[in-house]
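Have a look at it first, and then we'll walk through a few of its side chains and cores.

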Amino acid sequence: MSSKICKAAGVSADEFELSIAEELLRLETSSVELKASLKDLYITAAKEVDCGANKAIVLYVPFKLAQSFRAIQDRLVRELEKKFSGAHILIIAQRTILGKSFARSHKTTGLRPRSRTLTAVQDAILDDIVYPTEIEGKRTRCKVDGSKVLKVYLSSKDQANVEARISTYASVYNKLTNKNVSFHFK
């Protein structure tokens, strides 16, 4: 098993995840600019999502390593997209959702942390998907038939870089959260 993928005990990585991990290992050994940064980083899972005309590869990273991945995300995504041609690469932190009936152990007391609620996790996933672009605003549009569409306004300074990826962002967010979203530039 590759050192670049770390799964939960008893779970083995599939062939696709191993190919991603091998590519990360190859980048660590061959790329001078990424060598030091990738040394202690690993992924927990990888998933291929069909986005209509093209595919997207979603890399799940441990929450504690998310900031380290964000520091090198531009270079890492560029290199991985060269290797897996035609696929957009998205890096998302692995987060935990706790239910409303969450009960703490006897040692500690208190409410469920806000960062572990469904809404907070879905908002954080949206931030991870569009990174490095900033979200400038969000609106929920409720239609007459009862359906809801989340309108997300992105920073217009990154419009040239991000415009081709908007459909990928929307379909990946829909697959992960089952919510419809549309992206616009402000």
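In which helix does Asp128 lie? Asp128 is part of helix α4, which covers residues 118-130. Keep in mind that this is a predicted model. Is Asp128 buried or exposed? Its relative accessibility is 6%, and the cut-off for buried is under 20%, so Asp128 counts as buried.

Leaving out residues up to four places away in sequence, Asp128 touches Arg70, Ile91, Ile92, Ala93 and Arg95.

## Charges over rings

Arg70, one of those neighbours of Asp128, has a ring to look at as well: Arg70 lies over the face of Tyr131, 4.2 Å from the ring centre. Elsewhere, Lys186 lies over the face of Tyr153, and here the distance to the ring centre is 5.5 Å.

## One aromatic pair

How many aromatic pairs does a search of the whole structure find? The search turns up one. It consists of Tyr169 and Phe183, with ring centres 6.0 Å apart and planes at 70°; angles over 60 degrees count as edge-to-face, so that's what this pair is.

The two partners come from distant parts of the chain, 14 residues apart. Tyr169 belongs to helix α6 (residues 166-177), while Phe183 belongs to strand β6 (residues 181-185). Both Tyr169 and Phe183 are buried.

Nonpolar side chains tend to be buried together in soluble globular proteins. In this model, the largest nonpolar core has 26 residues, and Ile20, Ile43, Leu59, Phe69, Leu76 and Leu80 have the most contacts inside it. At least two residues of this core come from each of α1 (15-30), α2 (32-38), β2 (54-62), α3 (66-83) and β3 (87-94). Helix α3 gives the largest share, six residues.

Zooming in on Leu80, we find that it touches Glu23, Leu24, Leu27, Leu59 and Ile89, again not counting residues up to four places away in sequence. There's also a second, separate core of 24 residues, with Val58, Leu90, Leu150 and Val152 among them.

Definitions and conventions:
Residues are numbered from 1 along each chain as its sequence is written. This is a predicted model: local features need pLDDT of at least 70, side-chain atom pairs count only at pLDDT 80 or more; totals for chains, interfaces and linings use all residues. Side-chain values use heavy atoms; hydrogens and water are left out. Rings of Phe, Tyr and Trp (its six-membered ring) pair if their centres lie within 6.5 Å; planes under 30 degrees apart count as stacked, over 60 as edge-to-face and the rest as tilted. Helices (H or I, at least four residues) and strands (E, at least two) are DSSP runs, numbered from the N terminus. Buried means under 20% relative accessible area, exposed over 50%, partly exposed in between (1.4 Å probe, protein chains only). A charge sits over a ring if NZ of Lys or CZ of Arg is within 6 Å of the ring centre and within 35 degrees of the ring normal. Contact means heavy atoms within 4.5 Å. A nonpolar core is a set of buried Ala, Val, Leu, Ile, Met, Phe, Trp, Tyr and Cys residues joined through side-chain atoms within 4.5 Å.
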